[in-house]
Amino acid sequence: MLTRHLNGPAVTVIRELLGIRKGEFAKRCEIDPGYLTKLENGSRQPSPSVMRRIALGLGVGIEVISYPVEQKAAA
């Protein structure tokens, strides 16, 4: 089964290229600025709904800010 993990550095690069401040972006995505920091530095992974809000806030597809990860099926 494949799932997607957020590529935090990609979010940071795109956000900065768009000229969006971290606090402004967190507000746009309806998440806490501290949580956004953790997402961007890779120490946390968001829920699928938060990942969609981040992609929407950047104006990109989820594939642009994430990568596929294969999860092993439970035995």
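Where is E30 found? In this predicted model, E30 is found in the loop between α2 and α3. Its backbone has a feature worth a look: phi of E30 is near 60 degrees, a positive value in a residue other than glycine. E30 also counts as exposed, because its relative accessible area of 63% is above the 50% cut-off.

The C-alpha trace spans about 45 × 20 × 20 Å along its principal axes. For 75 residues, a compact globule would have a radius of gyration near 11 Å, and the chain, with 13 Å, agrees with this.

Buried residues account for 33% of the 75 residues in the chain. The chain exposes about 4,900 Å², and carbon and sulfur atoms supply 56% of that area. Contacts can also be sorted by how far apart the partners sit in the sequence. Among contacts between residues at least 6 apart in sequence, 60% join residues at least 24 apart.

Two packed helices are described by the angle between their axes and the distance between the axes. Helix α2 covers residues 22-29 and helix α3 covers residues 33-40. Their axes come within 9 Å and cross at roughly 100 degrees. An angle from 65 to 115 degrees counts as roughly perpendicular, and α2 and α3 are therefore roughly perpendicular to each other. On the α2 side, the contact is made by K22, F25 and A26, while α3 contributes P33, L36, T37 and E40. By residue type, the contact divides into four nonpolar, one polar and two charged residues.

E40 is found in helix α3 and is buried, because its relative accessible area of 7% is under the 20% cut-off. Leaving aside its neighbours within four places in sequence, E40 is in contact with G8, P9, V11, T12, R15 and K22. One of these partners, K22, belongs to the α2 side of the helix contact. T37 also has its place in helix α3. With a relative accessible area of 31%, T37 is partly exposed. The C-alpha atoms of T37 and A10 are separated by 13 Å, and these two residues are 27 residues apart along the chain.

Strand β1, which covers residues 2-6, is the place of T3. T3 is partly exposed, with a relative accessible area of 26%. Which residues does T3 contact, leaving aside its neighbours within four places in sequence? The partners are Y67, P68, V69 and Q71. T3 can also be placed relative to E40: the two are 37 residues apart in sequence and 18 Å apart in space, C-alpha to C-alpha.

Helix α4, formed by residues 48-58, holds L56. Is L56 buried or exposed? At 71% relative accessibility, L56 counts as exposed.

Key
Residues are numbered from 1 along each chain as its sequence is written. This is a predicted model: local features need pLDDT of at least 70, side-chain atom pairs count only at pLDDT 80 or more; totals for chains, interfaces and linings use all residues. Side-chain values use heavy atoms; hydrogens and water are left out. Axes are lines fitted to C-alpha atoms, for helices over the stretch in contact, and angles run from 0 to 180 degrees between N-to-C directions. Helices (H or I, at least four residues) and strands (E, at least two) are DSSP runs, numbered from the N terminus. Angles under 35 degrees count as roughly parallel, over 145 as roughly antiparallel, 65 to 115 as roughly perpendicular and the rest as oblique. Contact means heavy atoms within 4.5 Å. Ala, Val, Leu, Ile, Met, Phe, Trp, Tyr, Cys and Pro count as nonpolar, Asp, Glu, Lys and Arg as charged, and the others, Gly among them, as polar. The radius of gyration is taken over C-alpha atoms; the globule rule is 2.2 Å times the number of residues to the power 0.38. Buried means under 20% relative accessible area, exposed over 50%, partly exposed in between (1.4 Å probe, protein chains only). Accessible areas come from the Shrake-Rupley method with a 1.4 Å probe; for residues, only the protein chains shown count as cover.
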